[in-house]
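Please read them beside the sequence and the coordinates.

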Amino acid sequence: MTKKSFKQKAKSGMGWSFLIQGGNQVINFGVSIILARILMPSEFGLIGMIAIFIIISKEFVNGGFSASLIRAKNVDNADYSTVFFINIVSSVLMYGLLFFTAPLVAQFYDEPILTNLIRVLGLILLVSAFSFVQSTKLNKDLDFKTQFKLQLPALVLSAAISIWMANNDYGVWSLVVRDLSYAGFATIQLWIYSNWKPSFIFDKNKLKYHFNFGYKLSLTQIINTLFDNLYKVIIGKFFSAAQLGYYTRSKSLVEMPSGFFISGFNRVAYPLLSSIGEDQNHLKSVYSRLMKMLVFVVSPILIYLGIIAEPLINWLLTEKWLPIVPYFQLLIIAGLFYPVHKYNLNICKVKGRSDLVLKLSMLENFLLLVGAFSAIWFGIYGLLFSLVAVNIIVTIVNAFYSGRLINYGLHYQIKDLYPSFLVGCFAGLLTFGLSNYVLFQFSDFTRIILSGVFYFIIYLSASFLLKIQAISDLKSLIRKN
């Protein structure tokens, strides 16, 4: 691939990737706000209790095959068909395990309704397995335009069904049906309109090849999911369902902007970086520039949201959700480090070091475990402070080890990224004073808008004055060829 065609493919893929992520985020955010106004925090807490079991089951079914198919250079129909059929079998086995262990989960949390919730929501494994390969193939080809066209109807239909159910007193089931119906509609779309259909091929050598690379990533992701949701399990077990609802809602609000950009970048970054090959200098250049753009965009948004947290929550979710404000602000601090922490793992996968991904993830999870059980005695806020500390430590460790693979270590990353953080914090301090000491008499909506305009004018102006490279890179990315 020439550098010109590489750049064109990067631009097209990045644009459609963000359009997919943006469509998901806008619709899901709007629906979540509507549902949060109708439903109670405890109902969100019930879903938070079972989320870990559904997510881990999905990772067992995935088996790391998606990453392996994307990374492999010479993939044919035998590869895709083999992975398709192993996915179907895996999904059946995992759903069976979920079905029969559901009563044990309900007993652990002392919430009988969880048995039926798990058994119904678990059907998502069976449904999604039929479109796993089609979706992976589109990702490998950077064909996000097709994905956008197929996913949008699924988002809209599932959102409409969920809101109707919530308004008709179906309670927590409106949340379950939302996820399940989306998976169903998306699978139907991919199956009908995708240009790939499975052949009756099952190649043991292909399975062995993809499994040998993918199982480490899958195991890593399973362990990560287990520990990422550790705080949900602890809060659900030792605190109330309402407190878990506050935690899950604040966490989802923090993950909305960061998740949009991280997923948008990673959806393109991994296949794009994988396609570069052994050109070490080119790989380092593309990797570092993508990281700087990611931090330049994500960090100011999170800082701004932390500053206007109280009027934002009150305006969006109503007064009943105001207790989540301190949860939200602490999770934002942790979220500032999350993009760098996660993005650094891309280079390990590109270099074929799934073993290093596993080791780094094991260290992270060990720290989460120690932090959680050390901090639980200090209550819910002790848990949140420990989460912040772990994110800082893990970001430093990941940057050190991952960066060595392309000579882009911790020192260089700090040098490249700190200007965006400092400018964001500077603009944040000025905006905090404006919002709390000048605009406090205005309505919540007015405070949010005026504070936002002021913050981003300061942030962008200071960035231009300091000539932060990410600005020119972003302009180049979106400029027409």
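1. The chain contains 21 helices and zero strands, where helices (H or I, at least four residues) and strands (E, at least two) are DSSP runs numbered from the N terminus. The model is predicted, so local features need pLDDT of at least 70 and side-chain atom pairs count only at pLDDT 80 or more, whereas totals for chains, interfaces and linings use all residues. Residues are numbered from 1 along each chain as its sequence is written, and side-chain values use heavy atoms, with hydrogens and water left out.

2. Of the 481 residues in the chain, 56% count as buried, that is, under 20% relative accessible area with a 1.4 Å probe, protein chains only. Among contacts (heavy atoms within 4.5 Å) with a separation of 6 or more, 84% join residues 24 or more positions apart.

3. The axes of helix 2 (residues 41-62) and helix 5 (residues 114-121), which are lines fitted to C-alpha atoms over the stretch in contact, with angles from 0 to 180 degrees between N-to-C directions, come within 10 Å and cross at roughly 45 degrees. In this contact Leu-46, Met-49, Ile-50 and Ile-54 of helix 2 meet Leu-114, Leu-117, Ile-118 and Leu-121 of helix 5.

4. Lys-232, which lies in helix 11 (residues 230-238), is buried, with a relative accessible area of 13%. Apart from neighbours within four places in sequence, Lys-232 is in contact with Gly-48, Ala-51, Leu-244, Tyr-247 and Thr-248.

Note on methods:
Buried < 20%, exposed > 50% of the residue type's maximum accessible area, 1.4 Å probe, protein only.
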